Amino acid sequence: MKNAVLQAAVGVGLATILCCVAAPVQGQGSPARSFPIVCSVPDSINSALSRIARRVNGEVGFTALHIESGMSVSFNGERRFPMASVSKVPMALRYLQLVDRGQIEPSERIRVPITDFRPGSSRLAAWSGGRAVHITIDSLFGLMIGSSDNSATDVILNMSGGPDAATRRIRELGVDEVDVHRSEARTFADLSGIPDTVPESELYRYQYFRMRDALPQAHRDSAREAYVTDPRDTASPQGMAELLLALHGGAGLTSDSHQRLLDIMTGTRTGARRLKGLLPPETPVAHKTGTMAGAVNDVGIISLPDGGHLIVAAFVNTLRSSTWRRERTIAEMTRLAFDYFSDAAPVGLASAPVRSCPVGDA
């Protein structure tokens, strides 16, 4: 046993976890290639993840992948969860692809009118004083990833070809279980029950609040409940781990674009109680959070003390638990994986590309 979490898990007998080896991406931009291989972790890992998940009634998906060895462990790893703002990672990969092609110039200064301001988190809208903002595209990208700014996100998404283009880029990287369907404007409209017949041009921040507040509360509550099971803009933990593995390997980006994204993700201050919540202070974590309705998520790449790297994709989706409990679930699962893979991950397996073993989820 490596820590108190593992010790407390002994004797809890739900072996609902899978552990396998996942392939590192071979070269920048190449699709993930994989071949199955069986592996295992101690039953105490399986039991501990099951015990932690019960605190949110099992409404959690979790995958941890040790990059250097290729070993992974998952709970509900193949189940789909709403991404919320985690979807900004695949959006970023599409945007940077266009930057590298010379189709977008990050230093260009553009005008963002108030009709592009979005509900939810938006420093851009808060800073604007209700007026149009002149800002560089690169600054918008920094706001999109670093502070999860919804206004900046839709500007970046629209200039990058929209949700379909973001999903196509994911497929080009060999990832199937991550899908982007909607803009932030349309997502918030659906969350509140604003009809699809309302054009996106009318869903800007101030008009959105007027439309939302005019709807009956019961209608809004029903729409919020529906978001929890909406199949759009979802990912499986394993699929997101594959996408982060592609990102770690370069994701077909130039070194400058690759480093730019990782630097912003490492500097982000959102979600301090999630992946980073129980890790040793100053542990480098390049991550992206997501929060909407019942969804409390965090995904990223953690630097281990021995110089290795651990990908973690954690999703909690329930309206029946407090935000603190959902965040704590992510933090405890992450620390469990951090301790295990820091001490126990075998070396020398990275040369054998493989994929997750096909077993049932919890």
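Okay, hi everyone. Before we start: this is a predicted model, so local features need pLDDT of at least 70, side-chain atom pairs count only at pLDDT 80 or more, and totals for chains, interfaces and linings use all residues. Residues are numbered from 1 along each chain as its sequence is written, and side-chain values use heavy atoms, with hydrogens and water left out.

So, what do we have? The protein comes to 13 helices and 10 strands. Those are DSSP runs, numbered from the N terminus: helices are H or I with at least four residues, strands are E with at least two. There are 362 residues, and 58% of them count as buried. Buried is under 20% relative accessible area, exposed is over 50%, and partly exposed is in between, with a 1.4 Å probe and protein chains only. The protein exposes about 14,500 Å², and carbon and sulfur atoms supply 51% of that. Those areas come from the Shrake-Rupley method with a 1.4 Å probe, and for residues only the protein chains shown count as cover.

Now, contacts, meaning heavy atoms within 4.5 Å. If you take contacts between residues at least 6 apart in sequence, 72% join residues at least 24 apart.

On to the charged pairs. Side chains of opposite charge can pair when their charged atoms come close. A salt bridge here is a side-chain nitrogen of Lys or Arg within 4 Å of a carboxyl oxygen of Asp or Glu, and the count comes to 18. Take R80 and D179, which meet at 2.7 Å, N to O. This pair links distant parts of the chain, 99 residues apart: R80 sits in the loop between β3 and β4, and D179 in the loop between α7 and α8. R80 is partly exposed at 36%, while D179 is buried at 13%.

Next, D339 and R335, with 2.8 Å from N to O. Why do these two sit about one helical turn apart? Because they are four residues apart in helix α13. Remember that an α-helix has 3.6 residues a turn, so residues three or four places apart point the same way. D339 is buried at 11%, and R335 is partly exposed at 25%.

Then there's R232 with D230, whose closest N and O atoms are 2.8 Å apart. D230 is buried at 15%, and R232 is partly exposed at 30%. Both belong to a network of salt bridges that also links R182, D190 and D233.

Let's go inside. A nonpolar core is a set of buried Ala, Val, Leu, Ile, Met, Phe, Trp, Tyr and Cys residues joined through side-chain atoms within 4.5 Å. The largest one has 56 residues, and L140, F141, M240, L243, L261 and F315 have the most contacts inside it. Helix α3 gives the largest share, eight residues. Apart from that core lies another of 29 residues, including F75 and V296.

Last stop, helix α10. Which of its residues are buried? R220, A223, Y227 and V228. They cover an arc of only 155° around the axis, so they lie on the same side of α10; the arc is that of the directions from the helix axis to the C-beta atoms. They pack against several elements, among them β4, α8 and α9. The face turned away carries the exposed residues A218 and T229. Thanks, that's me done!
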